[in-house]
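Me: I would like to learn how to read a protein model step by step, beginning with the overall fold and ending with single residues. Could you take me through one?

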Amino acid sequence: MSRSKTSKAWLRRHVTDPWVQKSQVDGYRSRAAYKLKQIEARDHLFRSGMVVVDLGAAPGGWSQVSAHAVGPKGRVIALDLLDMAPVPGVEFIRGDFGEETVLADLVERLQSRRVDLVLSDMAPNFSGIAGVDQARVSGLAELALDFAERFLADNGAFVVKVFHGVGFDDLLRRLRRTFVKVAIRKPDASRKESSETYIVAKGLRQRRLAAAEGNELGLESDQAPDEPTAPADSPLHVAVKEQEEP
Ligand SMILES: C[S@@+](CC[C@H](N)C(=O)[O-])C[C@H]1O[C@@H](n2cnc3c(N)ncnc32)[C@H](O)[C@@H]1O
């Protein structure tokens, strides 16, 4: 198919997509917001007062959902390669998460506070070459997991976008070694034809850094956030289609 036909097909699918239409009505920056809301409905990740890191945040749907869920006592730090219009209650870092200086900026902003929830919806620009794309996707997921293993609170949680294919099983194995509970989610808002899926991991079993190294980073001991913010009738609680791990 020619490039213009592909873009026209994309545009047609975009404007007729019910989640795109809903996001415009509800004031969300992206249809992706509903993926996180649907994961939240099943997994109850958010608490008022939490510190959340949102990796691959632009245009900001997940950041909007996170800021609302953690409330004014919480903190959301969002990061993306692309610029993002300000979201109230969200600090934004523009940069490549793979670069040391960008990571250092994020760590400095944490001011020794451990993170309660690490979200990664990072996705590369797809080249169309399956092997290259898979390697990039796995690389981003591994980077996010490296960060989670170092900076999450003991009772913290991690959500990462992955694609079925090369590297998926290895990542899942590593997550199962690192976290107490690991589940695979395919929210309704994630296109059926896409191999995109999300892994939700809870309860850090082992840290990447030894305690001594954590202390060198000046990390505080874990702090318990407040009770859940989302009541049962909250818009956060919408149906989610799941594939529970055995
Ligand atoms: C699917 S979009 C995220 C959508 C977002 N969660 C939302 O709710 O609006 C994926 C994002 O990952 C970002 N990304 C990809 N590689 C990255 C990297 N190395 N560092 C930071 N962001 C990256 C892209 O720029 C893109 O904005």
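Me: Among contacts in the protein between residues at least 6 apart in sequence, what percentage join residues at least 24 apart?

Reply: Please keep in mind that this is a predicted model. Among the contacts between residues at least 6 apart in sequence, 68% join residues at least 24 apart. The secondary structure comprises eight helices and eight strands, and of the 246 residues of the protein, 37% count as buried.

Me: How should I read the packing of two helices, and at what angle do α6 and α7 pack?

Reply: Two packed helices are described by the angle between their axes and by the distance between those axes. Here helix α6, residues 130–151, packs against helix α7, residues 168–178, at an angle of about 10°, and their axes are 11 Å apart. Because angles under 35 degrees count as roughly parallel, α6 is roughly parallel to α7.

Me: Which residues make the contact between α6 and α7?

Reply: On the α6 side the contact is made by S138, A141, E142, L145 and E149, and on the α7 side by L171, R174, L175 and T178. The residues of this contact divide into four nonpolar, two polar and three charged.

Me: Is E149 buried or exposed?

Reply: E149, which has its place in helix α6, counts as buried because it has 20 C-beta neighbours inside 10 Å, and the cut-off for a buried residue is 20 or more. E149 and V118 are 31 residues apart in sequence, yet their C-alpha atoms are 9.9 Å apart in space.

Me: Which residues have the most contacts inside the largest nonpolar core?

Reply: The largest nonpolar core has 56 residues, and those with the most contacts inside it are V118, A144, F158, V159 and V160. Helix α6 gives the most to this core, with eight residues. If residues up to four places away in sequence are left out, A144 touches L55, V118, S120, M122 and V160.

Me: Turning to the ligand, which residues around it come nearest?

Reply: Of the 23 residues around the ligand, S30, A32, G56, G61 and D121 come nearest. The elements that give two or more residues to this shell are α3 (32–43), α4 (61–70) and β2 (75–80).

Me: And how do the residues of the shell divide into nonpolar, polar and charged?

Reply: The shell around the ligand consists of 14 nonpolar, five polar and four charged residues.

Note on methods: Residues are numbered from 1 along each chain as its sequence is written. This is a predicted model: local features need pLDDT of at least 70, side-chain atom pairs count only at pLDDT 80 or more; totals for chains, interfaces and linings use all residues. A residue is near a molecule or strand if its C-beta atom, placed from the backbone, lies within 6 Å of it. Helices (H or I, at least four residues) and strands (E, at least two) are DSSP runs, numbered from the N terminus. Ala, Val, Leu, Ile, Met, Phe, Trp, Tyr, Cys and Pro count as nonpolar, Asp, Glu, Lys and Arg as charged, and the others, Gly among them, as polar. Axes are lines fitted to C-alpha atoms, for helices over the stretch in contact, and angles run from 0 to 180 degrees between N-to-C directions. Angles under 35 degrees count as roughly parallel, over 145 as roughly antiparallel, 65 to 115 as roughly perpendicular and the rest as oblique. Two residues are in contact if their C-beta atoms, placed from the backbone, lie within 7 Å. A nonpolar core is a set of buried Ala, Val, Leu, Ile, Met, Phe, Trp, Tyr and Cys residues joined through C-beta atoms within 7 Å. A residue is buried if 20 or more other C-beta atoms lie within 10 Å of its own, exposed if 12 or fewer, and partly exposed in between; C-beta atoms are placed from the backbone.
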